[in-house]
Amino acid sequence: MRNPDARWERLWAAGPWVLDGVLAVAATAVGFATLATVLPFDPGSPRAWAAYLLLAAHTLPIAVRRRFPVPALAWALATGVGFAALGLSLVALSFTILIYVYTVAAHRPRRVSLAGLAATEAVLLLVWLVNPGAIGDGGTVVIDGLIMAAAWWLGDGARRRQEAIVTAQQRAAELELAREELARRAVSEERLRIARELHDVVAHSMSIIAVQSGVGAHVLDSQPEEARKALVAVEATSRQALAEMRRLLGVLRQEAEPRGSLAPAPGLAEVEALAAEVARAGVRVEVRIEGTPAALPAGLDLSAYRIVQEALTNVVRHAGPATARVAVRYAPDRVAVEVVDDGRGGDPGRDHGGHGIAGMRERAALYGGTLEAGPRPDGGFRVAASLPLEGAP
């Protein structure tokens, strides 16, 4: 069964076209009736048939006046001149020409509608000068000209009102977008505040756990009971910290946001797999591991991997046809990564102001490390990071 609301919407959308069609038929009928009373010659003569055809050609375009306002007015003026050339009075057309003048003023810019009004007044004056009987005396010409101007004024007012409505709607839409942006900004600020609270909770809890576990280790042999109390405190604090993290992270997670992957975070052990993935993008990558790979803190391992990943991504984006060389160097006190390519080293998208390099520098600084990035003297680009290991001598 068809939706009645959809039918009403279609009828509402077609309303102006239906109204114009009915108006065109009515204007034609009124014109025919008026013409029949003022015909100065035999109703069955060829001139009479020509008059009826010109009148129909003059009035029926009312049905498309909204879509073609200026051509409809021009056609109406042309048929009006032909009607007057037959020696007929324009009284049968006066009402119709007002509709065309109004439509041009209501649907076209003012300079266009003023030109249409001027053309209409000029045609009216020309017809009166050539065939005064088609209009009447001079007073009638002045009155008809004023009526044409009044029709234009009404149409211009309708256009200005419609423009004001559209402007108000656009302004309302802009205000709505601004309100939505303010709401999103408020949500982002609240999420940042919650993240800070999460940091405070975890940092405080981890401090307590570190202190209590240190106490427990210290008195484990001499005071087992105190060690047991420390372990109980560690367990309680860690459970409380986990509960707070779940609660706060539940607030941070967006409803439509997909849940994070359960796969472990990547590290330097996956550099060769990363190189293979980049190679599929058309960049040759060589990987070299120096030193003995060691177990790194998870955060540091992830940051080193992200630095290599971002550097290789920049090679794909900016270096053009190139070969990249990745070096991972393990040392007792630090781990270093280096990515060198032989592509377009001077590409402005890879200078020190790029967001990618800034992000790599932040990751290195987070662990007290350093990062160097810039063009090589012999061409290409180099990114090198050195990350000290916490607790290393």
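A pocket, on a 1 Å grid over the protein atoms alone, is an open set of points where a 1.4 Å probe fits, with protein on both sides within 12 Å along at least five of seven lines; lining residues have an atom within 4 Å of a point. This is a predicted model, in which local features need pLDDT of at least 70 and side-chain atom pairs count only at pLDDT 80 or more, while totals for chains, interfaces and linings use all residues. Residues are numbered from 1 along each chain as its sequence is written, and side-chain values use heavy atoms, with hydrogens and water left out.

**View 1. The second largest pocket and its lining.** This pocket holds about 170 Å³ of space, a volume being the space filled by probe spheres set on grid points that are joined across faces, edges and corners. Among its lining residues are Leu-268, Glu-272, Asp-301 and Tyr-330. The lining has nine nonpolar, two charged and no polar residues. Here Ala, Val, Leu, Ile, Met, Phe, Trp, Tyr, Cys and Pro count as nonpolar, Asp, Glu, Lys and Arg as charged, and the others, Gly among them, as polar.

**View 2. Ser-303 in helix α9.** Look for Ser-303 within residues 298–319, which form helix α9; helices (H or I, at least four residues) and strands (E, at least two) are DSSP runs, numbered from the N terminus. Ser-303 is buried, at 3% relative accessible area (buried means under 20%, exposed over 50%, partly exposed in between, with a 1.4 Å probe and protein chains only). Beyond its neighbours within four places in sequence, Ser-303 is in contact with Arg-363 and Tyr-367 (heavy atoms within 4.5 Å).

View 3. Glu-176 and Arg-179 form a salt bridge, with their closest N and O atoms 2.6 Å apart (a side-chain nitrogen of Lys or Arg within 4 Å of a carboxyl oxygen of Asp or Glu). The two residues are about one helical turn apart because they sit three residues from each other in helix α6. Glu-176 is partly exposed at 35%, and Arg-179 is partly exposed at 49%.

**View 4. Arg-382 and its two Glu partners.** Glu-338 and Arg-382 meet in a salt bridge at 2.7 Å, N to O. Glu-338 is in strand β3 and Arg-382 in strand β5, so this pair ties together parts 44 residues apart in sequence. Arg-382 also forms a salt bridge with Glu-372, with the closest N and O atoms 3.1 Å apart. Glu-372 lies in strand β4, so this second pair links parts ten residues apart in sequence. Shared partners join Arg-288, Glu-290, Arg-329, Glu-338, Glu-372 and Arg-382 into one salt-bridge network.
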